[in-house]
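Look at the sequence and the model below. Then read the report beside them, one part at a time.

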Amino acid sequence: MDQMTLWIILGVVAVVIIAAVVAVVMKRKGAPAETPAPAVPAVQPEPTPAARAESAATAEKKAADESAAEAREESEPETEESEAPATKPAAVEKAEPELEPESEAAPKSEPATAPVPESEPAPVAKPEPAASRFERLKARLAKSANPFGKALFSILTQDNLSESDWEDVEDTLLLADVGAEASEQLVDELRKDARITGEKDPEAVRAMLREKLLDLVGRDMDRSLVASRPRPTDAGPSVIIMVGVNGTGKTTTAGKLARLFVAENKKVVMGAADTFRAAAADQLETWGSRVGVPVVRSDKDGADPASVAFEAAKVAKEQNADVLIIDTAGRLQNKSNLMDELGKIRRVTEKTLPVEEVLLVLDATTGQNGMTQAKVFAEVIGITGIVLTKLDGSAKGGIVISVQKALGVPVKLVGLGEGPDDLAPFDPEGFVDGILG
């Protein structure tokens, strides 16, 4: 029994061992079957041929794109943008051509913006040079109504001049505002000249009359503006004070004079010391803006003119300008307090800069009335030169002779029109030729 029990126990143990071994074997068989399966799919699903085919296609496309980029390089100078697409995907490279036109537009916009410096000078127009001005103005003078030179010429070319003819010569000179003294002098010289009385050739008579008129006008007077003469580099701005009664075109002349200096490549500053006329400063600023000339003015109407002149002198000196033009109010010669103001303007200005020029602006059509104005201004502030405006609108060109004879100062500038460049240095020979026609 004992042996029997022992065998049973051994049999049971054997069965248990066999069952455990079978279980372990079955378990081992299941694990390896599953692990290689994922491993094999992981290696086998690798679509190596497809991927290679795809990469080959991509490489071909990239090669095509690179050749296209090289073609663009030949047609477009921009290499930086042609290199970038070679390293970018096709989608990005396709979008690149849309960006490149924009980059091309940028350099093209630079020439478009280059005119911006030109658009600034657009309102700042280049004035006409002084050299060509008087030739144009002389032609206008020759076409003006009845220049007295033509009237004299027509009388002197007659045969056997009678006493009445000589009286006509003198009347013509008086009507032209040559002045009584200058008219009498010219007639006496013409009557004593045997060549005039005995000459039959009109050209010879004209040549002799021209010489006589040139002597009266004054061919040897220095008519140059101080600011136009050669100056030391450290001389500082040349100051010009414009004076004259209302209506003579004084402020307009100041603006035109600034243009004349700009044409000579000079740096100009203007001072609006006419504080009694509300629109004077605005008018001067308009003239200045056209040629890029700054204007010093007061913020309020009726300010002290001398203080404006003082500030303008300071600004001109600080900016190292070549010329300072100070416009003053139109002064009635019988208003002593206003005339005194001119003297004050000069004194205050000279605390900063010396006043080298005082130009009296006269309307040529006022005739002998202008002489009275000229004498009063000469006494109050001192005059170095005369500007005759509106000389083309009247036959009274003889004012040139009479005003110079009375004041002993030359006519330096003449205005023969309303244009911005219708102001020119006075040329005696051109003037005489113009009035003789």
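The report covers the chain, its sheet, its open spaces and a few single residues.

**The model and the chain**

This is a predicted model: local features need pLDDT of at least 70, side-chain atom pairs count only at pLDDT 80 or more, and totals for chains, interfaces and linings use all residues. Residues are numbered from 1 along each chain as its sequence is written, and side-chain values use heavy atoms, with hydrogens and water left out.

The protein chain has 19 helices and eight strands. Helices (H or I, at least four residues) and strands (E, at least two) are DSSP runs, numbered from the N terminus. Of the chain's 437 residues, 40% count as buried. Buried means under 20% relative accessible area, exposed means over 50%, and partly exposed lies in between, with a 1.4 Å probe and protein chains only. Take the contacts between residues at least 6 apart in sequence: 75% of them join residues at least 24 apart. Contact means heavy atoms within 4.5 Å.

**The sheet**

In what order do the eight strands of the open sheet run? The order is β3-β2-β4-β1-β5-β6-β7-β8, and the pairing is mixed. β3 (295-296) and β8 (423-425) stand at the edges with a single partner strand each, so one side of each has no neighbour in the sheet. Two strands pair if DSSP finds at least two bridges between them. Strands of a sheet pair through backbone hydrogen bonds, either parallel or antiparallel.

| Pair | Sense | Bridges |
|---|---|---|
| β1 and β4 | parallel | five bridges |
| β1 and β5 | parallel | five bridges |
| β7 (residues 411-415) and β8 | antiparallel | three bridges |

Single residues mark these pairings. Methionine 242 stands opposite aspartate 327 in β4. Valine 239 has valine 355 in β5 as its bridge partner. Valine 414 stands opposite alanine 424 in β8.

Helix α14 (residues 280-291) packs on the sheet, where it touches β2 (268-272), β3 and β4 (323-327). The direction of α14 makes about 170° with that of β2. Helix α17 (residues 369-380) lies across β1 (238-243) and β5 (355-363), and runs at about 160° to β5. Axes are lines fitted to C-alpha atoms, for helices over the stretch in contact, and angles run from 0 to 180 degrees between N-to-C directions.

Is β1 mostly covered or uncovered? It is mostly covered: six of its six residues are buried. Ser238, Ile240 and Met242 point one way from β1, while Val239, Ile241 and Val243 point the other way. In a regular strand the side chains alternate between the two faces of the sheet.

**An enclosed helix**

Seven of the nine residues of helix α19 (residues 428-436) are buried, so the helix is largely enclosed by the rest of the structure. Among the buried residues are Phe431, Val432, Ile435 and Leu436.

**Cavities and a pocket**

The whole structure holds two cavities of 30 Å³ or more. On a 1 Å grid over the protein atoms alone, a cavity is a set of points where a 1.4 Å probe fits but cannot get out; a pocket is an open set with protein on both sides within 12 Å along at least five of seven lines; lining residues have an atom within 4 Å of a point.

The largest cavity has a volume of about 80 Å³. Its lining includes Asp274, Arg277, Arg297, Lys300 and Asp301.

The largest pocket holds about 160 Å³ of space. It is lined by 13 residues, and Lys256, Thr389, Lys390, Gly417 and Glu418 lie nearest its centre. Helix α13 (residues 250-263) gives the most to this lining, with three residues.

**Residues in loops**

Aspartate 177 lies in the loop between α9 (163-175) and α10 (180-192). Its phi is near 65°, a positive value in a residue other than glycine. Aspartate 177 is buried, with a relative accessible area of 7%.

Asparagine 320 lies in the loop between α15 (305-318) and β4. It too is not a glycine, and its phi is positive at about 55°. Asparagine 320 is exposed, with a relative accessible area of 54%.

Glutamate 128 is found in the loop between α6 (115-119) and α7 (130-142).

Definitions and conventions:
Grid points are joined across faces, edges and corners, and a volume is the space filled by probe spheres set on the points.
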